[in-house]
Protein chains: 2
Amino acid sequence: MNTRAPQQRRLKTRAKLIEVAQEIVAVQGYSGLRVEDVVDQAGVAKGTLFSHFKDKDGLLAVLIGAEVMTQLDQMEAQGQPNNINEVIDRLSPLLSFIATDRVIFELLLRYSGSTGAEIDEVVTAGLVRQVTLFAGWLAQLQHTGEVRNDSPAELLSEGIQAFLYHVLALWFCIEHTNDDSPATSLQPFLHSWLAPKT
Amino acid sequence: MNTRAPQQRRLKTRAKLIEVAQEIVAVQGYSGLRVEDVVDQAGVAKGTLFSHFKDKDGLLAVLIGAEVMTQLDQMEAQGQPNNINEVIDRLSPLLSFIATDRVIFELLLRYSGSTGAEIDEVVTAGLVRQVTLFAGWLAQLQHTGEVRNDSPAELLSEGIQAFLYHVLALWFCIEHTNDDSPATSLQPFLHSWLAPKT
DNA sequence: GAGATAAATTGACCGCGGTCAATTTTAAAA
DNA sequence: TTTTAAAATTGACCGCGGTCAATTTATCTC
């Protein structure tokens, strides 16, 4: 009747599934990922994948969560931004990554409200970390007067998220010339949001 | 080699499909809509549906578009709001409608960036109308000083959309007690966005 | 080592959206 | 009326995500 610890076999299988999935994504992109391909190349049955991950999104969440974490590392490495334009600069790579593939966007959107609970999901932890990081930046910029003081940094940070997803949603609706980036469209919103001129 | 006008037969079929779909939605909700059920009850083959609508979303867009239009009618009927809280009041029913079903949210999000082009889609027209309506309200409120003047009404209107979808995205991630509404969470964002106290 | 029991894996099967070559229906042209 | 070509419809078929009863494998107990 007792529950036992997971066996090494299970851990290996999980690792293999993720590894194979990453290889496929590297070639086909996230939209090109097929569950059947993953299990075939991993040498396991379909059911196995779904015993390791709730659904296909569960697997994707691991892959994308890892990528988001990397992006956040690079963001943090750049240090505290000194003004709003530098905030946008920090954001830009993450935006471009998400803009790569609608699948990423939809997954992040689905997980975007998982506040705190079930942080076992990497992607959730990533999103929480992101909001916290932004809030820290903003609090600092509030002190230097670059950012408005009348609203708490947490609210402003959440607002950035809102604009971020808004811009991305538009991004996926239109055709793109290669020389424009989603970060550009973000600019007017963030300036108005963080530094109103009233 | 000529192209001919559509026949009455086609119009009837299309109408029947929409009618049946609406009946099913009334009972099962949007998430409960199955293409197979629609074609069965409409007495046509599956392929027929896809010759009338690009995909299932195409059909949904018609149904949801119609509903959005109704909501906008009621919004307009209430007349110009006098302050931000009244703006939120006007928004509230639409929010609640979208909050009803994730399918609605995702569809509107997908079409949210269809600016102008292909207005043949009802839902696109609805979304354009919405932004225009908001912009009109805001321009008026800018004159009375209820809303900030440093940003164009169009930008502010788009920003409302962003917050609206943000709040809804969070809404679908958490459990709800029946006594809270998505409009409540919208409040702090809209006040900060439209009337900064700096 | 021989059961006993939980963990891990399997793969046939299902639901559902979407496709397309073939067929039927309509209406304009001869 | 017959011919002809476009319009409309058909339904067998496919792709792909997800399920679950059955089977195999590992680990614990005596």
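Q: How much area do chain A and chain B bury between them?
A: This is a predicted model, in which local features need pLDDT of at least 70, side-chain atom pairs count only at pLDDT 80 or more, and totals for interfaces use all residues. Residues are numbered from 1 along each chain as its sequence is written. Buried area is the accessible area (1.4 Å probe) that two parts lose on being put together, summed over both. Carbon and sulfur atoms carry 61% of it here, and the total is about 2,600 Å².

Q: Which residues of chain A lose the most area to chain B?
A: Contact means heavy atoms within 4.5 Å, and 30 residues of chain A touch 30 of chain B in this way. Three residues of chain A together account for 18% of what that side buries: Arg110(A), Ser192(A) and Thr198(A).

Q: Which residue of chain B meets Arg110(A) in a salt bridge?
A: A salt bridge pairs a side-chain nitrogen of Lys or Arg with a carboxyl oxygen of Asp or Glu within 4 Å. The count between the two chains is two. For Arg110(A), the N to O distance is 2.8 Å and the partner is Glu106(B).

Technical notes:
Chains are lettered from A and ligands numbered from 1 in the order in which they are written. Side-chain values use heavy atoms; hydrogens and water are left out.
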